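Open the model in your viewer and keep the selection panel at hand. This tour goes stop by stop.

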Amino acid sequence: MHTAKIHPTAIIDASAELDSSVEVGAYSVIGPHVKIDAGTRVASHVAINGPTTIGKNNQIFQYSSLGEAPQDKKYKGEPTLLEIGDNNTIREFCTFNRGTVQDKGTTKIGNDNWIMAYVHIAHDCQVGNHTILANNSSLAGHVDMDDYAILGGFTLVHQFCKIGSHVITAVGSVVFKDIPPYVTAAGYDAKPHGINSEGLKRRGFSPESILQIKRAYKALYRKGLTLEEAKVELEAMLSKTPEIGLLTDFLNVSTRGIVR
């Protein structure tokens, strides 16, 4: 629907569904099967293809391309999806692709994410809430990125990898394996370098919880234990520190192996 908040040079497909409070800037193109909810602002020169749904109060900056076909040779035009939640900031030149029928069929970005310029999120990725993807970081297809994870600029994540909650990567990291929750990773290929203590402090983790997470990290990486032996030790810590549950749950679903 056309409203006073849509610039006259924007092109909006007749089947697109835009809340009356949505703003669309000059020369942006919104295609068929796109739904955009209240308070979202689309700047100039943005292309949004469908099927795509975008939630409330998102800020989408100029020159981004959202909901385009996946960069996958197996894709044959199936009506796969891109879903974006609420309160996300999507900066200039970002590219988010729809899913594929070979996986979930949906690329999904949650709520309250801060996604900087030139970020690529490929088909079938599942990005949680409160994440930060710094400039030029890229997720290959089928990547899962959990809540509060932070990717430093130019971080590249290989397909099918999992990034745990509260992870942080250094600038220029290349990730070929899963990164467990709380871990700081850096390098090519990325290796663990302790826990993200500063991030945990900022999010209100108690000193005791952070201490126990450090002990869990040592069990996983410093004691010379096998992964199965480390899992047993982590399970024993759960009653005292429930936050360790993020680690044990993650290790139980890891498929590519963890960074070492």
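This is a predicted model: local features need pLDDT of at least 70, side-chain atom pairs count only at pLDDT 80 or more; totals for chains, interfaces and linings use all residues.

**Stop 1: α3 and α4**

Select residues 227-237, which are helix α3, and residues 244-253, which are helix α4. How do their axes cross? The two axes come within 9 Å and cross at roughly 150°. With the cut-off at 145 degrees, α3 and α4 are therefore roughly antiparallel to each other. Their crossing is left-handed.

Now show the side chains where they meet. On the α3 side, pick L227, K231, L234, E235 and M237. Their partners in α4 are I244, L247, T248, L251 and N252. Sorted by class, this contact of α3 with α4 holds six nonpolar, two polar and two charged residues.

**Stop 2: the buried side of α4**

Stay on α4. Which of its residues are buried? Select I244, G245, L247, T248, F250 and L251. The buried residues of α4 pack against β23 (162-163), α2 and α3.

**Stop 3: α2 and α3**

Next, select residues 207-221, helix α2. Keep α3 on screen. The axes of α2 and α3 come within 9 Å, and the crossing is at roughly 160°. α2 and α3 are therefore roughly antiparallel to each other. Here the crossing is right-handed.

Which residues make the contact? From α2, show Q212, R215, A216, A219 and L220. From α3, show L227, A230, E233, L234 and M237. By class, the contact of α2 with α3 has seven nonpolar, one polar and two charged residues.

L227, L234 and M237 of α3 deserve a label. They take part in the contact with α4, and they are also in the contact with α2.

**Stop 4: aromatic rings**

Switch to the aromatic side chains. How many aromatic pairs are there? The count comes to five. One of them is Y217 with Y221, a tilted pair: the centres are 4.9 Å apart, with 45° between the planes. Both tyrosines lie in α2, four residues apart, about one turn of the helix. Are Y217 and Y221 buried or exposed? Both are buried.

Note on methods
Residues are numbered from 1 along each chain as its sequence is written. Side-chain values use heavy atoms; hydrogens and water are left out. Axes are lines fitted to C-alpha atoms, for helices over the stretch in contact, and angles run from 0 to 180 degrees between N-to-C directions. Helices (H or I, at least four residues) and strands (E, at least two) are DSSP runs, numbered from the N terminus. Angles under 35 degrees count as roughly parallel, over 145 as roughly antiparallel, 65 to 115 as roughly perpendicular and the rest as oblique. A crossing is left-handed if the near helix is turned anticlockwise from the far one by less than a right angle, and right-handed if clockwise. Contact means heavy atoms within 4.5 Å. Ala, Val, Leu, Ile, Met, Phe, Trp, Tyr, Cys and Pro count as nonpolar, Asp, Glu, Lys and Arg as charged, and the others, Gly among them, as polar. Rings of Phe, Tyr and Trp (its six-membered ring) pair if their centres lie within 6.5 Å; planes under 30 degrees apart count as stacked, over 60 as edge-to-face and the rest as tilted. Buried means under 20% relative accessible area, exposed over 50%, partly exposed in between (1.4 Å probe, protein chains only).
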